[in-house]
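The sequence and structure are shown first.

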Amino acid sequence: MGDAIDDIGGIGVGDATAADEECLSSGLEAVVTARGLDELQDRYFDWVSGHVPSFAYGVYLYDQRTGRPRASAVRGLSRFYARRYERFGRAVDPVLRGAMAARRAWDDSPVKPADGWREAPIVQGLFRHYDMAHVMCAPLISGGEVVGTINFARNEGEPAFGDGDRRRATTAARRPGA
């Protein structure tokens, strides 16, 4: 793309993307040097909250044979919610489907306009009970394969996810060289 298209408000979009990737990469170094699963989860959630502010976060790792989650961690929502999502939400979640199809971060905004999203079956049946007004999911990709997802939720008092949030979530979900 030409510089005129890449330049927004005097800041080069390519420069912003490179700065995001550098910041994300340095944060990932702190995550991957954790001495155990609990420390890894804590470091990841602390780190990601500074880059994609949300009231709730989740990480799911998939079983490569079945494609179903084999491990998960959630912060900001209860385990009860996580079990309800697995039982009633995963199979009908349009944000998850969009993220998997696009192989990048996907949020509720392309699914339906804000008023329509609030009336979507998954929102009415599950998300609204947990004050989840906006959700975003990014597939974790390693070696060209989807190995899990990272997930984010914002409540009614928080802004909808934007281009920067989607870019940072997509970058955070990619292993270098993937």
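Arg-103 is partly exposed, with a relative accessible area of 31%, in a model that is predicted. Arg-103 sits in the loop between helix H5 (94–102) and strand S5 (106–107). Its phi is positive, about 60°, although Arg-103 is not a glycine.

**Backbone geometry**

- Most residues other than glycine have a negative phi.
- The position of Asp-131 is in the loop between helix H7 (121–125) and strand S6 (134–142).
- Asp-131 counts as partly exposed, at 41% relative accessibility.

**Salt bridges**

- Side chains of opposite charge can pair when their charged atoms come close.
- The whole structure contains 10 salt bridges.
- One of them joins Arg-68 to Glu-86, with 3.8 Å between the closest N and O atoms. This pair links distant parts of the chain, 18 residues apart: Arg-68 lies in the loop between strand S3 (56–62) and strand S4 (69–75), and Glu-86 lies in helix H4 (residues 79–89).
- Arg-68 has a relative accessible area of 42% and is partly exposed. Glu-86 is also partly exposed, with a value of 24%.
- Glu-86 forms a salt bridge with Arg-90 as well, and here the closest N and O atoms are 2.8 Å apart.
- Arg-90 has a relative accessible area of 9%, so this residue is buried, the limit being under 20%.
- A salt bridge between Glu-156 and Arg-118 has an N to O distance of 3.2 Å.
- Glu-156 is partly exposed at 47% relative accessibility, and Arg-118 is partly exposed with a relative accessible area of 31%.
- Arg-68, Glu-86 and Arg-90 form one network, joined by salt bridges that share partners.

**Second largest pocket**

- The second largest pocket holds about 240 Å³ of space.
- Its lining consists of Gln-41, Tyr-60, Ser-72, Ala-73, Val-74, Leu-77, Ser-78, Arg-79, Ala-82, Arg-83 and Glu-86.
- Glu-86 therefore takes part in the salt-bridge network and also lines this pocket, since an atom of a lining residue lies within 4 Å of a pocket point.
- Helix H4 gives the most to the lining, with 4 residues. S4 and H4 each supply at least two residues.
- By class, the lining has 5 nonpolar, 3 polar and 3 charged residues.

**Whole chain**

- The chain has 8 helices and 7 strands.
- Of its 178 residues, 40% count as buried.
- Among contacts in the chain with a separation of 6 or more, 58% are between residues 24 or more positions apart.
- The chain exposes about 9,800 Å², and carbon and sulfur atoms supply 54% of that area.

Note on methods: Residues numbered from 1 in each chain as written. Predicted model: local features only at pLDDT ≥ 70, side-chain atom pairs only at ≥ 80, totals over all residues. Heavy atoms only, no water. Salt bridge = Lys/Arg side-chain N within 4 Å of Asp/Glu carboxyl O. Buried < 20%, exposed > 50% of the residue type's maximum accessible area, 1.4 Å probe, protein only. Contact = heavy atoms within 4.5 Å. Areas by Shrake-Rupley, 256 points an atom, 1.4 Å probe, with all protein chains shown as cover. 1 Å grid on protein atoms, 1.4 Å probe; cavity = no way out; pocket = protein on both sides within 12 Å on 5 of 7 lines; lining within 4 Å. Points joined across faces, edges and corners; volume = space filled by probe spheres on them. Nonpolar A, V, L, I, M, F, W, Y, C, P; charged D, E, K, R; others polar.
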